[in-house]
Amino acid sequence: MVDWKAIKAEIAEAIGAEKVRDDLTTLVAYSRDWSPRPGEELILPNLVVRPESTEDVAKVIRICNKYRVPVIPVGGMTGMGGGAIAFYGGVIIDTKGLNKILEIDTENYTVTVQTGITIKGLNDELAKYGLWLPHDPESKPTSTVGAAIACDNDSTFGVRWGKMIDHLLSAVIVTGSGEIVRVGYRKAYCSSSGLKLHALLVGSEGTLGIVTEATLRVVPLPEYRWVDGAFFKSIKEAVNAARRLLTAGLPIDAININDRFRLRFYTHAYRIKHGREPEVPEGTQAILFYSLSGDKEFVEYSKDYARRIIENFGGQIIKERDIVESWWKSKHTLEFDPFKQKWPDSQRERKFGAADVGVPPGRLEELHEKFVKTVEKHGLNILGMNIYTERIGCISPSISCAVYVGDSEDEVKRFYEYVKEMSKIAVDLEGTASTYIGDTWRLLDVMEYEHGKALQYMRRIKEIFDPNWIMNPGKKFKLPKDVEERYKKLRG
Amino acid sequence: MELARLSKYRDEIYTCNRSHCGYCQEGCPSYRILGFEQYSSRGKMITARVFLEGRIGLDESVIDAVFNCFLCGFCDAKCALFPTNVFTAFRREIFLAKKTPESLMMIINSVSRFGNPQRFKREERSLWVGSLNIRQKSDTLFFPGCIYSYFYPKYTQRIYQLLDRIGISASYIPDIDYCCGYPVFLTGNWEAFEEIARANFKTWKEKGIRKMVTPCPGCFTAFSELYPKFIDDFNIEVSHVAMEIFDAYDNGKVRFDRIYGTITYHDPCDLSRRFGLVEEPRKLLEAVAESIIEPRYHGFFARCCGGGGLVGAYNPQLYTRASMERAKELVETQAQIITTACPTCIRTIHRGLRKIKARVELVDLSSLLIRAIL
């Protein structure tokens, strides 16, 4: 039996009593993340710790490693896959206490931070220097830099600036045995030296350790941005037009293709303002939204050039600016009226959940057909498909196949069955199971399907960082049998 | 009168649990200072859910989370669910379970015995009048509230004089001047609040009052939002002093001289978020100052000074830390003058400024304006 009181006392002694709690209210407050879960489910950790430094984290992990108890690192707890839930109990490490900016290097365009700072919090500070971290998930007011690294989440501006892997230059990680290791190349933007261990951290979901510090590439804030949109008769046509926009050399910094179902999700503010649905041309199957940024004169010129390309590719520019602005505000600026249709007002009776698959651009139409059928097969309600473009300079689909999910255990179970099936479909279409949520617990059965023998290599790497399988157990990797038995007993 | 009990907010509570976006956290003073999830709105919403499901009692940790909330409404500004309604109802549940913290029960007792939460003597309430020639008869009543009356007699005089200058002939009647009851409401003892509200309303009706003008956002909230909920026939028009001054300025009844340099304005939570009074004070300040410098959090998304929600009584350390944080933000603007339109904010920011050893002039909005009248 684990003596949690003794562990609490030991952690309190090591880092300060005010940073560790085990009262029921605290445990309850850490029982959920954003993922669809049964309405009355309550999965509690045994302790919650809120460290403030790398040394604090190392001390806590060493104690947990000594007692072989699970450690669950959490950031903003807005992950859509249950990565922050303590399924086996254990110690939740809330990283938001690590929230300092250590250095803003305006000459080299880098910032070094403790990773518990929120992305918005960091960008508010960087803006004072005319800089920004262009990694831009919708959860940015809550989501932390560390969570963005650990979960490899999405970014509105991926097509121009990439994702976290393109910004992370170096990092400090506390491993599962409590060692503090610096990885990466300091402030160097590229290197051929060694193995790129810092890249391993991106998408590691807290299973290798906790990233406590990061040095990131940042860029100058653009002077001006123009956002536009167009209706298309097929996803394929929209993709072809978007691809042409990129090859034309235009200053595109966001591309987002929505299917016809999804549009309604972005037009709440339009309906409120105009009291009617927006006019959509007959036969519309896809809506392409995009933004251009840079010097105003150049963007203004590019705007018209882009529109000509769109029209040449059969697109119809959206004339009602309220539709375009509503999308942009709900996506990036998060201004309240358009945004509230998404979170939380749309979730009064059910929430939305997604399979976050990726397929090559040429397989999108096939995926869409299968998406509609698979939703129907699992008895769920369709919300729509949203295709983000997240790699630099190319059409690189990161796809949200979204549905509504109710609170009942049965519906939540059907939802995760749907996610698994969609993930396998994506692999069959020469794609991948996950592009922005991560594997977490939900894709454990799909891991071997996607990775085959490579999964064994991943497990060996995991064991180098976390020999006793204490770091976020049950996520990304199935546990070794003995460890699973131990944790099940621990949970009771 | 039946205001909503916690169970009435089941939909909001479960919706927040589903959503879990956490946008409420960014400017929440309790969460920023205390750090753990349950001090943010979404954390308390989970606690509320689990309480409604009967899986957690009203133990010390629940009470700690609920009463360490400033009820400032930053979460309301970021969320479609209006979480502070839920937390006010949560306080009610705690009161009904007879578990309201002792320091807050003292407030109820103080208002009952002394007519104000701070236990000042009854006869000192009207000392602010001094040598002012005040009206005893008018159908418009000036209601300064406890904090202005006891702590800021000079400001209170000037507010009365300013109202006079803009043509509002308000009476002030010491005999019937009593606490509005808002602090009592916030403890969760709605019966005691209703008693105060009804007694106040009765005396005002007897004096023929048709309109109330108050400079206190707390009193303004009580009269305009709560009294009508507890008293079916409540029919007195209610106005905040800043609204009256703005109307007079907007209608050309008063003109100001630009006699100040740089000013920063702290938005009182109740005025900005509850009543949307954001542009009006700024337009008044534009008339008297060279420039207004906004703090990082301002307007609808302003950060609470720390004076809200009776946190000062429940957790004085948290109150002080919040006041220091807000004072720091205001000082960072480097404005020459800090101003606001709430006596609780003035008191709290003043404390914060003192704690961070900042030497910036902090002046009540009306006092600034009266000096600048042409």
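The contact between the two chains takes 31 residues from chain B and 32 residues from chain A, where two residues are in contact if their C-beta atoms, placed from the backbone, lie within 7 Å. This is a predicted model, in which local features need pLDDT of at least 70, side-chain atom pairs count only at pLDDT 80 or more, and totals for chains, interfaces and linings use all residues. Residues are numbered from 1 along each chain as its sequence is written, while chains are lettered from A and ligands numbered from 1 in the order in which they are written.

**The side of chain B that touches chain A**

- H1, H3 and helix H4 (60–67) of chain B each supply at least two residues of this side; helices (H or I, at least four residues) and strands (E, at least two) are DSSP runs, numbered from the N terminus.
- H1(B) gives the most, with seven residues.
- By type, the residues of this side are 13 nonpolar, eleven polar and seven charged (Ala, Val, Leu, Ile, Met, Phe, Trp, Tyr, Cys and Pro count as nonpolar, Asp, Glu, Lys and Arg as charged, and the others, Gly among them, as polar).

**Chain B as a whole**

- Chain B has 19 helices and seven strands.
- Its radius of gyration, taken over C-alpha atoms, is 20 Å, close to the 21 Å that the globule rule gives for 374 residues, so chain B is as compact as a globular protein of that length. The globule rule is 2.2 Å times the number of residues to the power 0.38.
- Of the 374 residues of chain B, 56% are buried, meaning that 20 or more other C-beta atoms lie within 10 Å of the residue's own, with C-beta atoms placed from the backbone.

**H1 and H3 of chain B**

- Helix H1 (residues 10–19) and helix H3 (residues 41–52) of chain B pack at an angle of about 125°, with their axes 9 Å apart. Axes are lines fitted to C-alpha atoms, for helices over the stretch in contact, and angles run from 0 to 180 degrees between N-to-C directions.
- H1(B) and H3(B) are therefore oblique to each other (under 35 degrees is roughly parallel, over 145 roughly antiparallel, 65 to 115 roughly perpendicular and the rest oblique).
- Residues of this contact include Ile13(B) and Tyr14(B) of H1(B) and Met45(B) and Ile46(B) of H3(B).
- The contact divides into seven nonpolar, one polar and three charged residues.

**H17 and H18 of chain B**

- Helix H17 (residues 316–332) and helix H18 (residues 343–355) of chain B pack at about 80°, with their axes 7 Å apart.
- That makes H17(B) roughly perpendicular to H18(B).
- The residues of their contact are five nonpolar, four polar and three charged.

Conventions:
Buried ≥ 20, exposed ≤ 12 C-beta atoms within 10 Å, placed from the backbone.
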